[in-house]
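Colleague: Can you take me through this model? I would like the overall picture, then some individual residues.

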Amino acid sequence: MRDLREIAEALGSYDKEPLTFMEVCGTHTASISKNGIADMLSPKIKLVSGPGCPVCVTVASYIDRLIELSLEPDTCVVTFGDMLRVRGSRQSLREAAAEGGNVRMVYSPVELIELASENPRTEYVFAAVGFETTAPVYAVLMEEAVARGISNIRLLTALKTMPAVIDRICGEPNGLSGFIAPGHVSVITGSNAFAALSDKYGLPFVVAGFEGGELLAAVYALVKLNGRAGVYNFYPRAVTGEGNVKARKKVAEYFEPCDAAWRGMGIIPSSGMKLKAEYAAFDAGSAELFEDAAADNGCSCPDVIAGRISPTECPLYGAVCTPDSPQGACMVSTEGSCFNYFVNKRG
């Protein structure tokens, strides 16, 4: 294995056929941007950011529903910080809160247990957004609520799964030569989760960690593979072939697969997770959220999320749309492609 200096030199001087690789993890996008990895590469090696930001892929109708719930009597919408600034078809949760909506930010869904216990007359609705990585935490929340008989907790789910959306992306003409597989997701799913996709499309998947050197090594491996199929685990300290079986089993106790709506990509079959029928009393109306009702403000987030264009190709980027004045979800979230391109001056 070459050292990082040799790898960087090899990637910078690459002069063979053009190659395009997609990273489908928001944290990878952030690290690639922060470490200037794209700038180290030959013009013939292109990195494309995919749909790895859970906030970014959430449809506007989901935000609209959260806003409606926040305005209902004796109801409090609880969410992570990034979700507060994402606009629905009319406004964001933060704007709704300024107009009287009951919205609260937390750092962990488990905080709901004490909130709901201490305020039994208030119904708490959690914005359950995320991928396979976050789902186990929601399963723990459900387990605690059921065990303690807490009945004033609801989930509005927008949970997504990675293999299905990668399948959709691979099925479109995009010229991709391989994938940097998501590190956090792979901890739960295991690297074997991408084997069927690799075989189906004849593309390599390299599971990577999050340090700059780890990502540089992953890109080098993809270049050397030159489009040959296979799944390669470059993050063995955290990822195994089978993943976290115990966590997946816990999730399966409370959630089941379902079709899901993705911003810019429509409905993708079996790409989401919803509460099982026996826990329907904990659901806040998630099944109705299949339409992306985003206002047409010229934002190209849907195309950025799908990897069809770079953030810098959006006509609003850097002019109308900045982190201080975000026009789309990709500029709001710290895992969003546009945010990371902008703050790291990535071209």
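Colleague: What kind of model is it?

Modeller: It is a predicted model.

Colleague: Fine. How many helices and strands does the chain have?

Modeller: The secondary structure amounts to 15 helices and 11 strands.

Colleague: What radius of gyration does the chain have, and what would a compact globule have?

Modeller: The chain has 20 Å. For 347 residues a compact globule would be near 20 Å, so the value agrees with that.

Colleague: And the box around the C-alpha atoms, what are its sides?

Modeller: Roughly 65 × 45 × 30 Å, along the principal axes.

Colleague: What share of the residues counts as buried?

Modeller: Of the 347 residues, 54% are buried.

Colleague: What about contacts, how many of them join residues at least 24 apart?

Modeller: 77%, taken among contacts between residues at least 6 apart in sequence.

Colleague: Changing topic to charges. How many positive and negative side chains are there?

Modeller: There are 31 positive and 40 negative side chains in the chain. The centres of the two sets lie 4 Å apart.

Colleague: How many salt bridges does that give?

Modeller: The count is 12 salt bridges. One of them pairs R65 with E68, at 3.4 Å from N to O.

Colleague: Where do R65 and E68 sit relative to each other?

Modeller: Both are in helix 4, residues 60-70. They are three residues apart there, so about one helical turn separates them. E68 is partly exposed, with 40% relative accessible area.

Colleague: Which residue does R87 meet in a salt bridge?

Modeller: R87 pairs with E95, and the N to O distance is 2.9 Å. R87 is partly exposed at 35% relative accessibility, and E95 is partly exposed with a relative accessible area of 33%.

Colleague: What is the N to O distance between E214 and R237?

Modeller: The side chains of E214 and R237 form a salt bridge at 2.4 Å, N to O. E214 is in helix 11 (residues 212-225), while R237 is in the loop between strand 9 (230-233) and helix 12 (245-254), so this pair ties together parts 23 residues apart in sequence.

Colleague: Is E214 buried or exposed? And R237?

Modeller: E214 counts as buried, at 16% relative accessibility; the cut-off for buried is under 20%. R237 counts as exposed at 62%.

Colleague: Now the single residues. Where is S300?

Modeller: S300 is in the loop between strand 11 (266-275) and helix 13 (301-305). S300 has a relative accessible area of 13%, so it counts as buried.

Colleague: What does S300 touch, leaving out residues up to four places away in sequence?

Modeller: I309, C314 and P315.

Colleague: Last one, L156. Which strand is L156 found in?

Modeller: Strand 6, residues 153-160. L156 is buried, with a relative accessible area of 0%.

Colleague: And how far apart are L156 and R168 in space?

Modeller: They are 24 Å apart, C-alpha to C-alpha. In sequence L156 and R168 are 12 residues apart.

Terms used:
Residues are numbered from 1 along each chain as its sequence is written. This is a predicted model: local features need pLDDT of at least 70, side-chain atom pairs count only at pLDDT 80 or more; totals for chains, interfaces and linings use all residues. Side-chain values use heavy atoms; hydrogens and water are left out. Helices (H or I, at least four residues) and strands (E, at least two) are DSSP runs, numbered from the N terminus. Buried means under 20% relative accessible area, exposed over 50%, partly exposed in between (1.4 Å probe, protein chains only). Contact means heavy atoms within 4.5 Å. The radius of gyration is taken over C-alpha atoms; the globule rule is 2.2 Å times the number of residues to the power 0.38. Lys and Arg count as positive and Asp and Glu as negative; His and the chain ends are not counted. The place of a charge is taken as NZ of Lys, CZ of Arg, CG of Asp or CD of Glu. A salt bridge is a side-chain nitrogen of Lys or Arg within 4 Å of a carboxyl oxygen of Asp or Glu.
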